[in-house]
Amino acid sequence: MTPEFGDGTRVVHAVQGAPGEPFGAQPVFASAYHLGGQDQYGRAGNPTWRSLESALGSLEGGECVVFPSGMAAISTLLRTVLSTGDALVLPSDGYYLTRAFVSEMDINVVEVPTAGPYPSFDGVKLVLLETPSNPGLDVCDIAELAVRAHAAGALLAVDNTTATPLGQRPLELGADIVVASDTKAVAGHSDVLFGHVTTASAELAARIRDARTLNGAIPGPFESWLVLRGLGTLDLRLARQAQNAAAICTLLRGHVENLRWPGSAEDPSYLVAAQQMRRFNGVLTFELPDAAAVERFLSRSKLVSAATSFGGLHSTADRRAQFGDPVPEGLVRFSAGCEDTRDLVADVSHALGLD
């Protein structure tokens with residue numbers, strides 16, 4: 001898909017089949033194939049995987065390998081790239097399970113806040129960024145850190161889960177690798193676990209694909225098809241979610257502490273985010289006084305569900321401290337869904353006692 005087309009056109013046609021084929025790839029359920037074709041055994045290849053990998057790769061500008069979850073994607077990447085004694089730079093404020101995973105690897109880990117300052121990358125094998133970070137929504141300059149990493153001989157990977165392939169293209173900014181949980185906005189319907197790795201290097205993509213075959217972390221064809229189906233409406237959903245996030249951000253300003261949404265001109269990350277992000281999404285965070293205040297908010301809301309994910313059709317919120325994130329007890333990660341903006345704003349206003 002040529003880059004001059006808009007996002008809606010790109011995602012719709014990325015999942016469209018060739019002439020004479022169905023509109024969109026269909027799930028192929030097979031564990032064995034007649035020998036002589038592209039596929040031989042179901043753990044090594046599947047036509048539905050390849051259709052999704054082609055679609056995601058076209059959006060990100062690299063070669064994609066899909067996985068059954070975001071953690072399967074990032075853990076396979078880390079095991080493939082890193083060996084005993086290697087050094088990894090990792091966000092201290094990123095997804096907590098990534099930190100838990102690397103703590104069990106025999107490597108040297110340097111944790112750095114997403115907003116920096118960053119140390120020298122000399123002797124580092126891999127720099128992993130998460131921007132915007134989850135859940136704090138801090139942002140770092142991908143292009144600048146890519147230059148620094150490459151000058152030191154390190155690879156640069158970006159967890160692009162929060163931004164999505166439409167919101168940010170790390171490979172175009174100099175990153176070597178993109179990793180993401182497609183469970184969130186890419187699939188977008190809260191009905192599938194999924195993840196992927198995309199890289200500019202065909203050689204690295206082959207190694208990651210071989211690792212997937214060896215460790216058996218393969219996605220099901222039906223789950224792959226669900227992600228393909230969701231991907232086609234990503235542009236539409238992101239537009240409504242960002243609209244709702246902007247409206248909620250305006251409502252909350254002055255009424256809550258530590259309100260963060262990189263799409264707001266008042267956010268401390270806005271200048272860097274606006275420079276490297278093509279569009280924003282529906283995830284924001286804010287802080288209420290304590291856990292009890294969060295519970296009151298959720299119990300009073302009719303439209304916001306308590307759930308620990310984001311990027312779906314429904315607006316959700318979760319208190320991140322209960323899951324192990326080192327954040328204040330009242331910090332809320334809010335995922336604006338696709339409800340009518342007026343209805344969602346009125347509901348949140350009532351739930352927080354602002355009306």
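Start by selecting strand E8 (257-260) and strand E9 (283-287), each of which gives at least two residues to the lining of the second largest pocket. Strands here are DSSP runs of E with at least two residues, helices are runs of H or I with at least four, and both are numbered from the N terminus. A pocket is an open set of points on a 1 Å grid over the protein atoms alone, with protein on both sides within 12 Å along at least five of seven lines, and its lining residues have an atom within 4 Å of a point.

Before moving on, a word about the model: it is predicted, local features need pLDDT of at least 70, side-chain atom pairs count only at pLDDT 80 or more, and totals for chains, interfaces and linings use all residues. Residues are numbered from 1 along each chain as its sequence is written, and side-chain values use heavy atoms, with hydrogens and water left out.

**The second largest pocket**

This pocket holds about 210 Å³ of space. Volume means the space filled by probe spheres set on the grid points, which are joined across faces, edges and corners. Now select Asp93, Pro135, Gly136, Val327 and Leu331, the closest to the pocket's centre of its 17 lining residues. By class, the lining has five nonpolar, six polar and six charged residues. Ala, Val, Leu, Ile, Met, Phe, Trp, Tyr, Cys and Pro count as nonpolar, Asp, Glu, Lys and Arg as charged, and the others, Gly among them, as polar.

**The largest pocket**

Next comes the largest pocket, with about 390 Å³ of space. Which residues are the closest to its centre? Pick out Met71, Tyr95, Asn134, Ser181 and Lys184, from a lining of 24 residues. Then colour helix H3 (70-81), H4 and strand E6 (177-181), the elements that give two or more residues to this lining. The lining divides into nine nonpolar, 10 polar and five charged residues.

**Two cavities**

A cavity is a set of grid points where a 1.4 Å probe fits but cannot get out, and the structure holds two of 30 Å³ or more.

For the largest cavity, of about 40 Å³, select Leu90, Pro91, Gly94, Tyr95, Thr98, Arg99, Leu128, Glu130 and Asp159. Strand E2 (87-91), helix H4 (96-102) and strand E4 (126-130) each supply at least two residues of that lining.

The second largest cavity has a volume of about 40 Å³.

**Helix H9**

Select residues 234-252 to show helix H9, whose 19 residues reach 26 Å from first C-alpha to last, close to the expected 27 Å. That expected span is 1.5 Å times one less than the number of residues. Its buried residues (under 20% relative accessible area, 1.4 Å probe, protein chains only) include Leu234, Leu238, Gln241, Ala245, Ile248 and Leu252. Just after H9, stop at Gly254, which takes a positive phi of about 90°.

**The whole chain**

Finally, zoom out. The protein chain has 12 helices and 12 strands, and its C-alpha trace spans about 65 × 50 × 35 Å along the principal axes. Buried residues make up 54% of its 355 residues.

Notes:
Buried means under 20% relative accessible area, exposed over 50%, partly exposed in between (1.4 Å probe, protein chains only).
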